[in-house]
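Me: Got a structure open here and want a quick tour. Can you talk me through it?

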Amino acid sequence: MTRAAAMRRMDAAAGRGLLALQRCADCGRVQYPPREVCAACLGDALEWEEAASAEADLLAETTLHHSHDPAFAEALPLRVGLARLAAGAVAITFLDADCTPGCRARVSARLDAAGRAILHASPTR
Amino acid sequence: MSSYGDVVACAPITVPYVRRSEHDANWWLAAALAALLRASGLGKQAIDGLVMASFTLAPDGPAPFTQYVGLSPRLLDFLPTGGASGPMALRRAARAVQCGDAEVVACIAGDTLQPGGFRDLVAGFSSFSRDCVWPYGAGGPNQSFAMLTEHAMRRTGATREDFGKLCIAQRSNATRNPDALLRAPLAMSDYLGARPIASPLHLYDCVMPCAGAEGFLVMHRARAETLGLRAARILGTIERHNGYPDDPVQWRGGWAVDRDTLWQAAGIGPGDVDCVQTYDDYPVIVMMQFEDLGFCAKDGGPDFIRCHDFTIAGNFPHNTGGGQLSAGQAGAAGGFLGVVEALRQVTGTAGERQVARVWHALASGFGMINYDRGLCTSAVVLGA
């Protein structure tokens with residue numbers, strides 16, 4: 001499976017149950033999706049911060065009833081949303097059923113069946 | 001006086017769309033080129049500039065295409081900007097002709113659609129998309145636009161009925177376009193009762209992928225007159241990429257950054273435009289264009305929709321050939337559809353769907369959902 005180099009670092013952390021986020025060593029910006037340079041200052045000294053989860057605000061949601069990949073057919077309907085991480089970036093994540101826009105959420109990472117790091121948001125209690 | 005001097009756009013052509021095609025993209029682009037030659041009476045050797053857009057040309061590209069069709073242009077440009085490519089092609093071609101880098105530029109866009117082709121295109125669209133969007137249910141553009149629509153509905157108070165009104169008006173317009181793939185009249189009950197795709201989007205909110213091609217020519221007015229072609233003046237053009245990068249959710253597009261530049265260049269205002277062709281992959285983006293191009297205030301989209309009639313005979317003729325929502329989305333040709341229809345309207349060659357008295361027309365583009373938003377915006381104002 002083709003995967004950007006920076007994503008493989010996230011995959012490795014998700015395999016240990018951790019969410020890895022990129023932070024620029026020069027300007028401090030946190031960015032997602034991960035990449036090989038900082039989109040703010042173009043520096044390439046990017047550090048990884050690992051945590052069990054990250055705080056986020058849920059900005060938007062959808063419930064998918066159709067997928068282009070048969071692998072998801074049995075899992076439909078699926079809830080997906082846009083979550084703004086407290087650290088600054090916006091992440092597309094799967095959503096818990098009770099996670100709705102305006103809700104404060106906790107975003108964590110796990111591996112899917114294909115070995116990809118997948119983000120998941122659940123409400124903060 | 002247009003900043004493009006006496007440069008004009010002319011010869012709008014459409015290669016009729018089909019739901020699926022066994023041809024490759026070279027065939028569709030070649031068919032567009034051939035249609036331009038037929039429409040203009042020009043020979044192939046007269047085309048000395050070529051600006052193209054396509055998603056499905058790989059492993060070929062613009063240079064292989066010149067050999068494929070035996071063309072020797074002295075200017076070649078390729079726009080991998082999908083839905084924004086039409087106004088951008090016109091912009092580049094016009095400046096090239098004005099400055100003498102080419103005499104006659106063919107602008108063409110086309111894509112094929114083979115079984116599984118749309119899935120493959122979406123799955124590998126970009127690295128962000130492949131890695132950080134596709135694994136979340138593989139909903140494709142429907143999924144991305146569903147979230148933008150959900151957010152816009154909460155923000156502006158837009159309802160499904162508002163979006164339905166746009167879709168139904170476009171379908172009404174499409175009944176006069178023999179090239180539209182979807183021509184059966186659409187009732188509000190059909191729209192509201194359609195199956196859900198990605199909430200709040202239902203079937204008729206989503207464009208239908210297909211194969212097809214669009215094209216037009218850019219040249220000096222004197223050349224067009226010699227050829228007997230009706231031509232449009234190019235009054236103003238804009239483009240922007242990754243506008244408003246710090247907005248957490250895309251609630252406005254790059255048009256808002258550049259619209260004052262557009263209207264100032266055109267020497268007219270939004271109220272002087274007689275027909276509008278927006279990029280309509282999903283109706284929420286149509287509403288965004290109404291707002292961001294200055295046809296109404298920001299967040300005034302729902303009221304604007306409720307107060308206007310978007311059919312050909314209405315008080316705001318919009319997507320007069322049915323738009324992509326009724327014609328189909330032929331890949332990158334969807335980025336040309338609006339410009340080509342605007343050219344027909346402003347040159348009085350739209351046939352049965354001609355809007356009465358079109359002095360000015362606007363066409364806008366929107367493309368490239370790379371991650372969470374569309375990155376490319378463009379627009380052009382044309383004059384009769």
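This is a predicted model: local features need pLDDT of at least 70, side-chain atom pairs count only at pLDDT 80 or more; totals for chains, interfaces and linings use all residues.

Me: What box do the C-alpha atoms of chain B fill?
Reply: Roughly 55 × 45 × 40 Å, taken along the principal axes.

Me: And how much of chain B counts as buried?
Reply: 60% of its 384 residues. Among contacts in chain B with a separation of 6 or more, 79% join residues 24 or more positions apart.

Me: How many helices and strands in chain B?
Reply: 14 helices and 11 strands.

Me: What's the strand order in the open sheet of chain B?
Reply: β3-β2-β4-β7-β1-β8-β11-β10-β9. That is 9 strands with mixed pairing.

Me: Which strands are at the edges?
Reply: β3 (75-78) and β9 (275-277) of chain B. Each pairs on one side only. On average, neighbouring strands of the sheet are turned by 20° against each other, direction ignored.

Me: Do β9(B) and β10(B) run parallel or antiparallel?
Reply: Parallel, with 3 bridges joining them. For one of the pairs, B:V276 has B:L362 in β10(B) as its bridge partner.

Me: What holds paired strands together in general?
Reply: Backbone hydrogen bonds, in either a parallel or an antiparallel arrangement.

Me: Now the helices. Which strands does α1(B) lie across?
Reply: β1 (7-18), β2 (49-53), β4 (105-111) and β7 (211-220) of chain B. α1(B) runs at about 40° to β7(B).

Me: How about α3(B) and α14(B), what's their crossing angle?
Reply: Roughly 65°. The axes of α3 (residues 85-98) and α14 (residues 334-346) of chain B come within 6 Å.

Me: Which residues are in that one?
Reply: B:S85, B:G86, B:P87 and B:L90 on α3(B). B:G335, B:F336, B:G338 and B:V339 on α14(B). The classes are 4 nonpolar, 4 polar and no charged.

Me: Next, α11(B). How many of its residues are buried?
Reply: 10 of 10 for α11 (residues 283-292) of chain B. The list includes B:Q289, B:E291 and B:D292.

Me: What do the buried residues of α11(B) pack against?
Reply: α6 (140-156), α7 (160-174), α10 (255-266), α12 (301-307) and β10 (360-369) of chain B.

Me: What follows α11(B)?
Reply: B:G294, whose phi is positive, near 95°.

Me: Where does B:G157 lie?
Reply: In the loop between α6 and α7 of chain B.

Me: Buried or exposed, and why?
Reply: B:G157 counts as exposed because it has 12 C-beta neighbours inside 10 Å.

Me: How far is B:G157 from B:P209?
Reply: 29 Å in space, C-alpha to C-alpha, and 52 residues in sequence.

Me: Switching to the interface. How many residues of chain B are in contact with chain A?
Reply: 28 residues of chain B, in contact with 28 of chain A. On the chain B side, α4 (117-123), α5 (127-132), α6 and β5 (196-198) each give two or more residues.

Me: Which gives the largest share?
Reply: α6(B), with 8 residues. The chain B side has 15 nonpolar, 8 polar and 5 charged residues.

Me: Last one, β4(A). How many of its residues are buried?
Reply: 8 of 11, for β4 (residues 54-64) of chain A.

Me: Which sense does it pair in with β7(A)?
Reply: Antiparallel, over 4 bridges, with β7 (residues 104-111) of chain A. A:A56 stands opposite A:A105 there.

Me: And how many bridges join β4(A) to β5(A)?
Reply: 8, and these two strands run antiparallel. One of the pairs is A:T63 with A:R79 in β5(A).

Conventions: Residues are numbered from 1 along each chain as its sequence is written. Chains are lettered from A and ligands numbered from 1 in the order in which they are written. A residue is buried if 20 or more other C-beta atoms lie within 10 Å of its own, exposed if 12 or fewer, and partly exposed in between; C-beta atoms are placed from the backbone. Two residues are in contact if their C-beta atoms, placed from the backbone, lie within 7 Å. Ala, Val, Leu, Ile, Met, Phe, Trp, Tyr, Cys and Pro count as nonpolar, Asp, Glu, Lys and Arg as charged, and the others, Gly among them, as polar. Two strands pair if DSSP finds at least two bridges between them. Axes are lines fitted to C-alpha atoms, for helices over the stretch in contact, and angles run from 0 to 180 degrees between N-to-C directions.
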